[in-house]
Amino acid sequence: MSKETAKILMADDSAFMRNVLKNILENNGYKNFIEASDGREALEKIKTEKPDLILLDVIMPNIGGIEVIKEIGKQYKVIIVSAVGQEKIVKEAEDYGAVGYIIKPFDNNQVLAEVNKIIG
Amino acid sequence: MEINLDILNNVASSGSKKVSEALSKLSKESVEVSSVAAKMASVKMISQEISIDDDKAVISYAQMISGISGMALLTIPREEALTLVDLLNNLEIGSTGVFMDIDRSAIKETLNILSNSFLTILAKELKSEFMIGSPRMVPTTSIKELLEKVSETEEGEAVFFNTSLKISKHQVRAHLYIIFNEKLSKLLEEIK
């Protein structure tokens, strides 16, 4: 799997944060993005698009990140995206199978290190 | 109700520092904390202190979804919010003239990040957990009603944290308000 072909789903209710993430990744060679603005849309896109990596916000309307990861289990690579102070949720997500986490506000190097661990 | 002011002030001071660091990271500019306040006050007094002119400010709101009932508000004068959006998007100052959905999303996310930075300190102090829901934009007229929900009565009191921030280079001022039901004071008493 290469940076150019890897399909990355970004699930966050904040269009701004999706853009920030996309810019960081695009500037480093990633090209193939899918977006979801809540957990429900994320689950739909996971079924139809079968992404190689999911960047999943924890607090989202309708269905939150934890519910999404519970639903999909360990079939997909999931990196949790959370604000500082949400460590307990991150731990919970890791127990359900998340393979990494990214803290907001983003540190570009941390984002790339986590994503490159899966696709690189 | 009695309140442990020492702990309250410590939380306000450390929380504000975390908030300024987070805003600095987001905006890539130096951020000053221009004032910090923490107190127990009536809903009426808090609502007067927050009082803003709708036409002159953008207000983002988020409700506490775990722990004690509470809320967070971020208010920024409209013109300065446009400048902040430029900074958040790495754009030349003056690029954003009208708020679009993506710009509102940037302001809402700023509230999310700043309030979580503050709450980390409070959670550590109280060995408790506080989580904030998805932010939304609100008009000034709804602030009093939202405050009443937190205090549970119009006459009730609430614990009020007010952090004023400034990005001096671009003259951007922002106020972060974190408000809790007075039950927070009981928790503060327990750790005295």
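Predicted model: local features only at pLDDT ≥ 70, side-chain atom pairs only at ≥ 80, totals over all residues.
Start with Ser27(B): a polar atom of its side chain sits 2.8 Å from the backbone oxygen of Leu23(B). Residues are numbered from 1 along each chain as its sequence is written, chains are lettered from A and ligands numbered from 1 in the order written, and side-chain values use heavy atoms, leaving out hydrogens and water.

Ser27(B) belongs to helix H1, residues 5-27 of chain B. Ser27(B) counts as buried because its relative accessibility is 3%, and buried means under 20% relative accessible area (1.4 Å probe, protein chains only). Leaving aside residues up to four places away in sequence, Ser27(B) touches Leu84(B), Leu87(B), Leu88(B) and Ile167(B), with contact meaning heavy atoms within 4.5 Å.

Now zoom out. Chain B has six helices and seven strands, which are DSSP runs (helices H or I, at least four residues; strands E, at least two) numbered from the N terminus. Read from that end, the order is α-β-α-β-β-α-α-β-β-α-β-β-α. Of the 192 residues in chain B, 53% are buried. Take the contacts between residues at least 6 apart in sequence: 72% of them link residues at least 24 apart. As for overall dimensions, the C-alpha atoms of chain B fill a box of roughly 50 × 30 × 25 Å along the principal axes.

Key:
Buried < 20%, exposed > 50% of the residue type's maximum accessible area, 1.4 Å probe, protein only. Polar contact = N/O pair within 3.5 Å; in protein donor to acceptor, adjacent residues only side chain to side chain.
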